[in-house]
Amino acid sequence: MSIKTLEKVRKRLEERPEELKRAREDGRKVVGWVGYNVPEEIIHALGFIPVRIAVGGDDRLVEVGARYASSKTCVFIREIVGAFAENQDPFIQQTDFLAFDATCLQNYRAAEVIEYFFKKDVVVLGVPRNFDWDEAKQYFAHEANEFTRLLEERAEAPLDASRLAESVALYNDIRKTLKSIYVFQAAKDNVISWEEVYDLIQAGELLDKQEYLSLLQQTLAELQELQQNPVIEGDDGNSRLFISGSLIPRGDRKLIGIIKSVGGRIVGDDLWSGILPHLDLDIKEISPAGVALAYLNRTPHAALPYLDLASDKRLKKLHELLSESKAQGVIYHTLRYCDPFTFKAKETKNVLAKSGIPLLEIHTEYAGSDYEAMKTRVEAFVEMIKIKSEITEEEGVLADA
Amino acid sequence: MGTQLFRYSEDNKEKFLESDNITFNDGSVVTPEEIWHYLTVEGPEKYPGSFEVNLYQGNRASRDETLPTSLKTHYLGLTFSDRMEKAKDRGKSIAFIQGGQAVDPYTAADTIALRPGLVNQWYGGLEHGNDINKANLRRRKSKEKAFHDMSFEACQTGGYEHVQEGDLRIDVIAPYTVLRCSDVSYGVEAHRHGPKKDVKLFNVDYPLRYQADKPWAIEYFAQNLRRLVGTLDEVTGRVTTEEDVTKAIQLHNEGRRLGTELAELWWSADVPPTNSADRASLVALGNLEVHGDVQASLSVLKEAKKFIAERVRNGVKGHAVIDNPKRIFILGSCVGINGSRSEDAGAIVVGRDDQWSHCTSLVEEEGDPYYNLAKTTLEYPYEQSIEKRAHWTIEQIRKSRADGVIFIHNWGCNTQAAVARPIVDIIKRETGIPTYIHELELGGLQHEQEQNRVNAFIEML
């Protein structure tokens with residue numbers, strides 16, 4: 001069973017670079033953004049076309065990027081730098097300027113390196129690490145205002161409050177629709193897979209936002225027609241897996257492909273490149289600071305340190321999503337030199353173990369040389385979960401008898 | 001065959017005994033006689049590795065026996081671990097901090113601030129009788145614990161391996177995070193899952209991107225410093241006033257001024273007045289934190305300046321320095337090259353950007369001390385944009401009359417590694433001086449392949 005709208009989305013993605021080119025010829029500007037706390041609504045409200053720069057999976061570009069940003073920088077950032085060096089990516093080619101945030105220090109370094117070597121105009125939004133302090137929120141509000149001022153300079157127009165309100169409403173609708181769609185992939189007898197939803201989420205990083213909302217609504221309508229009441233059940237006969245850890249951007253489907261190939265079923269994620277940024281974003285005030293603070297108040301990115309394990313919102317959210325998706329195990333994906341996530345791998349494993357949820361860390365990069373090694377480990381993990389599930393079922397039967 | 005140990009010659013004793021005492025924070029004093037005894041009797045017994053005649057010892061004392069302050073920094077280094085233990089026994093509070101930051105707020109709050117290298121030194125000194133290899137193996141073993149609990153890709157581990165194992169009595173982990181390093185903030189966070197729950201954790205959040213030009217960034221960082229001092233006070237039980245902070249600024253400004261003057265004096269000499277190791281150890285005194293005792297550092301620094309001035313006046317060349325050595329400037333965090341082996345190859349290290357950046361940053365003494373500290377800290381040249389940092393570095397390179405520049409980053413140090421190439425590119429373009437980028441293993445002995453690259457560079461120069 002296939003969702004027809006997904007075909008439309010794929011087609012529109014193919015057409016998008018040409019469309020951006022024409023838009024630029026008509027005087028529109030394209031902003032490439034990189035980060036976790038970039039308030040995209042502000043970019044959109046100023047009349048820019050936002051596209052997210054998130055590419056992965058190409059070890060050749062990683063090598064190219066290493067010439068500029070060193071081989072010790074995380075794989076994802078190296079590939080981004082490599083992509084700017086080669087300037088062959090159709091979306092990167094269309095960017096007029098870039099917006100980065102300083103959530104992850106390596107992200108920030110990438111902004112500096114791209115600015116220096118490739119002479120790109122870069123606007124950077126500072127992000128506080130003590131993000132739960134009131135003083136940090138004040139600092140971030142100032143940063144959001146400064147970020148807006150720099151964008152206004154480039155737009156040669158001030159930010160209009162009503163336009164911002166419209167953008168916020170549009171993005172809120174997108175987030176709401178995405179959340180509704182996301183439930184379907186985790187449901188029993190699902191008519192859409194997590195992989196398809198993941199691609200759909202990432203399509204939104206590139207497509208026109210208004211059109212994207214319409215495509216999402218069409219997708220949701222199709223799903224509702226095919227499956228009126230999606231129910232998420234834990235014992236559906238699959239190894240229900242959750243993906244956490246470092247982002248998995250467009251172009252990188254190595255791990256996802258392996259999980260599928262060994263019979264694992266992904267039912268949820270808390271990836272920076274997945275559903276997580278779309279959750280819990282509650283904009284209380286229509287202003288640059290109001291929008292930015294709503295971003296900061298979401299589940300924090302792992303690059304922002306938090307010193308009390310018991311009240312960590314990131315771990316709390318992970319537990320919540322695991323419970324909602326009824327996942328039986330977590331595959332924790334860490335990219336080479338992605339410190340925000342690698343430093344927390346063992347801790348996350350220990351925390352989840354207390355709830356009886358197994359975690360497998362897969363540490364990888366974009367080369368294909370570790371494919372078989374990863375496959376063996378994932379296959380064993382999937383098998384372990386199946387056996388565990390069968391034992392639990394048998395124990396349940398015996399208890400009933 | 002037994003290991004050959006270096007011994008200070010009795011020929012220099014008389015001159016050394018004429019030098020000054022060292023005065024410590026607690027008012028205690030150690031005389032040159034006591035120092036001489038330690039360096040010739042107690043020290044070699046406790047720490048034979050430090051006296052080992054071994055090519056692979058990168059940071060060994062200089063062996064310049066005619067420079068009394070060289071012996072004194074050696075003494076302060078060797079007694080570091082014992083002094084920290086005694087300080088703890090007396091109830092003194094100790095904080096883990098970041099390298100590359102000044103320690104004025106910690107001094108104000110009556111807390112000893114130790115950067116990662118010093119924490120490792122404290123741990124290293126707890127076990128006696130080790131040769132170089134044994135001491136290094138012990139350090140590596142301890143580091144493995146941190147790698148296991150965090151990430152094997154970590155460069156900095158926030159002292160996790162020592163604090164969480166209960167080896168060191170550190171009260172609070174409170175570095176300026178993100179300043180020049182990202183690993184340390186993850187290292188601080190990692191302590192939250194360790195078994196030691198009584199260690200306080202605090203992030204002093206250093207904002208990024210044109211931070212020194214933004215009033216709100218300065219105010220935010222000042223607020224971080226206020227909260228830092230509040231946290232340190234919770235440990236000590238005292239109340240640190242703004243006046244205490246101002247006094248600490250004045251004290252540290254004195255160190256920074258003296259350190260800067262000493263370095264400039266050294267640079268002004270026609271022939272290098274000391275070798276690489278002595279230059280580094282004396283200039284490092286300027287930040288006053290290097291030996292875990294600001295007064296001790298200050299007293300040696302004052303004396304060192306007099307000795308260096310005398311050597312420059314008389315055209316005295318440093319110990320083991322060849323005629324017309326190639327002058328090398330080192331860039332990067334927590335790094336260095338093997339001074340003595342590089343000298344053997346015909347070079348001398350004439351400067352570093354790390355530690356020097358904040359030594360040259362004087363803090364305004366009038367007005368809100370937290371605001372002043374915040375402003376100066378956000379202006380550290382090392383922490384500015386690529387272009388700005390490179391241009392400040394070029395100024396230092398020119399002042400030091402360097403012939404070559406090496407940017408070194410440790411394995412896993414993505415923050416510095418990422419900007420190594422653009423920075424050396426600018427330096428090369430604007431000065432024409434040869435440069436190269438070098439990767440180092442933090443905490444390793446100075447490996448042959450690393451030195452081989454350095455020597456090839458020196459030969460090329």
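Predicted model: local features only at pLDDT ≥ 70, side-chain atom pairs only at ≥ 80, totals over all residues.

Residues are numbered from 1 along each chain as its sequence is written, chains are lettered from A in the order written, and side-chain values use heavy atoms, without hydrogens and water.

A cavity here is a set of points, on a 1 Å grid over the protein atoms alone, where a 1.4 Å probe fits but cannot get out; lining residues have an atom within 4 Å of a point. Volume is the space filled by probe spheres set on the points, with points joined across faces, edges and corners.

Select A:Tyr108, A:Arg109, B:Leu208, B:Glu383 and B:Gln384: of the 18 lining residues, these lie nearest the centre of the second largest cavity. Now colour α6 (105–118) of chain A, plus α17 (386–400) and α18 (414–431) of chain B; each supplies at least two lining residues here. (Helices are DSSP runs of H or I, at least four residues, numbered from the N terminus.)

**Stop two: the largest cavity**

Next, pick A:Trp33, A:Glu40, A:Pro277, A:His278 and A:Tyr295, which lie nearest the centre of the largest cavity, among 22 lining residues. About 300 Å³ of space is in there. Which helix gives the most to this lining? Show α8(A): it contributes 3 residues.

How values were computed. 1 Å grid on protein atoms, 1.4 Å probe; cavity = no way out; pocket = protein on both sides within 12 Å on 5 of 7 lines; lining within 4 Å.
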